[in-house]
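Visitor: I am new to this structure and would like to ask about its charged side chains. Could we go through them one by one?

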Amino acid sequence: MAMLDVGRLPGVVALSPDRQEVPKLLRVALYVMLILGGILSLPRLGSITPLPMTALLDAWIIVFMVAAIVRGRTSHGGLLLLLGVYLLTRFVPALANSSPLEDTLQAYRWLLYLVAFVFAVGRNWGPPGPLVGVTWALVAMAFLKAAATFALLGPGERPGLLLENNFELALFSGLVIVTYKFISPAARLGIVALMGGLTLLSGSRSGAVAFLILTVFAVTQSSRANLFVRYMLLLAIPVVGLLAVQVFESRAVSGGTIDRVRFFDVFLGETSNWTALQWIFGTTPITPLSPGACARLSYYEKLLSSAGDGSCYSVILHAFNMRVVFDAGIFGLLLALFVAWYAMKSARVPLSVNLALLAVAFSNGFSVSGLNNPYVALPIVLAILLARSGFWATTPSEPSQTARAASMFDLRRVSSSGP
């Protein structure tokens with residue numbers, strides 16, 4: 001029987017491996033990394049996982065970008081060029097001033113994540129099922145560890161599964177937001193309730209705000225048909241708001257002056273003589289804080305300069321929104337938020353998901369490093385990739401998963417009906 005050249009048949013598109021899909025090995029690596037980190041953390045009450053999760057997640061994001069370059073064309077080359085030029089304006093002066101490389105990388109990691117967002121546009125993740133399972137497993141393990149820590153070590157301990165609560169609660173909230181549509185309607189209230197219990201046990205202020213954002217998002221996603229879930233979530237919003245206020249008050253009483261207020265005072269002192277140009281574009285990369293400011297914050301010695309000379313940079317201010325304004329001005333803060341929003345919009349991430357993830361990132365930036373850490377950046381990358389997979393919506397120019405399956409069926413039928 002003659003070989004049928006299906007690629008030449010009219011109206012038939014030859015199928016080829018999807019080079020825009022994230023390699024399965026890379027997806028499995030992320031799943032294993034997160035689950036293993038959680039499992040190893042469970043018996044370590046009062047401590048976090050022994051795995052260097054931040055470094056591992058950063059390495060995963062870098063490998064993802066390399067794979068994206070190797071496997072296919074990159075969308076939005078103009079935006080990537082703009083980010084590349086801006087990156088040079090940050091790193092070249094820093095290197096010219098002989099600034100410590102480690103401190104420079106720490107200050108501008110957020111630019112790496114912005115590039116990753118753009119690389120993710122036009123690529124797809126694959127089936128969302130395993131990611132839903134990983135999200136459930138992480139939230140459940142974190143809740144169990146938090147409950148065990150509270151019962152055995154008392155309420156003073158702040159349990160963490162992968163890292164400090166301020167970071168990982170942003171990750172868990174982001175993952176629930178990203179996978180919420182793919183969780184069965186009957187189970188959605190359960191995972192939100194589990195996140196609420198975890199947030200209460202954690203005592204994290206930024207975690208409480210992230211959970212409030214998650215709750216509001218869940219209400220917007222609840223169908224009118226499921227009135228019970230909708231009303232339960234609506235009733236939960238004021239409760240969550242009171243919970244957030246209680247966490248803020250309890251932390252203020254136990255710790256005296258809120259540390260973020262102290263950081264803000266230092267920030268105001270360091271910027272008191274700034275010109276309008278400095279407020280717009282920030283300081284010369286990478287400008288150290290004054291010796292007096294570093295002395296006031298010497299308690300956070302782990303965040304002093306890697307040079308070990310007692311100097312410090314904006315990273316010691318903890319909060320990303322202050323750090324990025326000090327280093328890159330209001331322009332830098334707006335650039336970070338705009339690129340994240342634009343990348344998700346270009347990938348056709350639903351507006352509700354887009355806004356919820358941005359709200360988590362921005363609120364986290366008032367407490368810790370916001371878009372300068374992979375725990376906030378990873379859910380945004382996954383949202384972009386899942387949108388391109390066609391599970392949220394189908395673009396006019398690309399077939400849905402169902403249409404692709406039908407095409408494969410039709411193609412096989414044509415191929416098997418030889419002369």
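Visitor: Is Arg109 buried or exposed?
Guide: This is a predicted model, and the values are computed from it. Buried means under 20% relative accessible area. Arg109 has a relative accessible area of 17%, so Arg109 counts as buried.

Visitor: Which side chain meets Arg109 in a salt bridge?
Guide: Arg109 lies in helix α5 (residues 109–120). In the salt bridge, N and O are 3.6 Å apart. The partner of Arg109 is Asp58.

Visitor: How many residues apart are Asp58 and Arg109?
Guide: The salt bridge between Asp58 and Arg109 links distant parts of the chain. Asp58 belongs to helix α2 (residues 53–71) and Arg109 to helix α5, and the two are apart by 51 residues.

Visitor: With which residue does Arg27 form a salt bridge?
Guide: Searching the whole structure gives two salt bridges. The closest N and O atoms of the pair are 3.1 Å apart, and the partner is Glu21.

Visitor: Which side chain joins that of Asp103 in a polar contact of 3.2 Å?
Guide: Asp103 touches several residues beyond four places away in sequence, among them Ile286, Ser305 and Tyr313. The polar contact joins the side chain of Asp103 to that of Ser306.

Notes. Residues numbered from 1 in each chain as written. Predicted model: local features only at pLDDT ≥ 70, side-chain atom pairs only at ≥ 80, totals over all residues. Heavy atoms only, no water. Polar contact = N/O pair within 3.5 Å; in protein donor to acceptor, adjacent residues only side chain to side chain. Contact = heavy atoms within 4.5 Å. Salt bridge = Lys/Arg side-chain N within 4 Å of Asp/Glu carboxyl O. Helix = DSSP H or I, 4+ residues; strand = E, 2+ residues; numbered from the N terminus. Buried < 20%, exposed > 50% of the residue type's maximum accessible area, 1.4 Å probe, protein only.
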